[in-house]
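Colleague: Can you take me through this model? I'm new to reading these.

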Amino acid sequence: MITQTMTKKEVNQKIISVLPNLMKTVISKTKYRAIKAKKKGFKDENSCYNIKGVEFWVYYFKDKGEDVSRIFCRYHDNKGPIYALINVFSKGRYSIIHFLKHAIDQYNSRLELGFNHDEIKKILFHMAKHGTTMARLDLDKIDEDWLDTGWTSENGLWLGKSENKTPYSPTYISLAKTFINNDLIREDQEGTLNDEKLKFLKKLEMEIGGDEYANKRILQLIDLFKNKN
C-alpha cells in the first residue's frame, strides 16, 4: 500500500517492488489481445489491477501498427491525487513520472478535450495515446538537488522538476506540475528559436494568465533557446 506520508522515493520503491507481478498480468493480457485480434482486430481497453495494495490503471491500444500498453499508478499524497506513469524499457529498467492532478486538468483544459474533471480515466487514456511519448529537456537548476525539467510530447509541453542526479536510477524522481499546449519543440527543431516561435511563446505567456509556474518556465524556455542560437 502507498500511504500519504510516503516520500516520492518511497513511492517509487513500492511501485518497483510490485511491478514484476503487474507485468506478468500485463503480458498475459497482451497475449490474449493478440489472439482476439485475429478475429476482431485490436480494440482500445483499460483495466484496473490491485497488486499488493497498489492500484494500477493500464491502457491497451494500437499504436503505429503495434499493440501497446501504458501503465499508471494512482495514489494520494498529502496534497491530493497523483498519477504516476511507469515506462518499462526492459527488465530492471524503469522510468517513473508523477503527474499532479493540476497538470492533468491543464492537459484536458488546454487541449479542449471536453472531459469533466472527474472523468480522469478518459483524460489518462487520451494522455496514454498522445501525451506520454516524451523527450526530456533540462531547463534550469533550482538548487543543487533539483532541476526544472520540460518533457515535449506529441501535443504539448509538460513542465515540472527532476532530481539533479542520474535519471537512470529506478527510484529517480520526476514530477510533472503543469501542461502547455504548444508545438514548441519538434525532434528536428530542438534548440532553435526563430521569430515565429518567439512570437508564439510570448503570446502563450500572455494567454495562460495566472499560471505562475508555467509563466516562469516559458520565460526560461525563451532564454534557453536564445542562448542556443
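Modeller: Start with H2, where Lys101, Ala103, Ile104, Asp105, Gln106, Tyr107, Asn108 and Arg110 are buried. Buried means under 20% relative accessible area with a 1.4 Å probe, counting protein chains only. Helices (H or I, at least four residues) and strands (E, at least two) are DSSP runs, numbered from the N terminus. This is a predicted model: local features need pLDDT of at least 70, side-chain atom pairs count only at pLDDT 80 or more, and totals for chains, interfaces and linings use all residues. Residues are numbered from 1 along each chain as its sequence is written, and side-chain values use heavy atoms, without hydrogens and water.

Colleague: What comes just after H2?

Modeller: Glutamate 112, which takes a positive phi of about 55 degrees.

Colleague: Now strands. Which way do E6 and E7 run?

Modeller: Antiparallel, with 6 bridges joining E6 (residues 135-141) to E7. Two strands pair if DSSP finds at least two bridges between them. Aspartate 138 stands opposite threonine 149 in E7, and the two strands form a hairpin with 4 residues between them.

Colleague: And how many bridges between E7 and E8?

Modeller: There are 8, again in the antiparallel sense, with E8 covering residues 156-163. Lysine 161 in E8 is the bridge partner of aspartate 148. This hairpin joins E7 to E8 through 2 residues.

Colleague: Why is E7 largely enclosed?

Modeller: Because 7 of the 8 residues of E7 (residues 146-153) are buried.

Terms used. Buried < 20%, exposed > 50% of the residue type's maximum accessible area, 1.4 Å probe, protein only.
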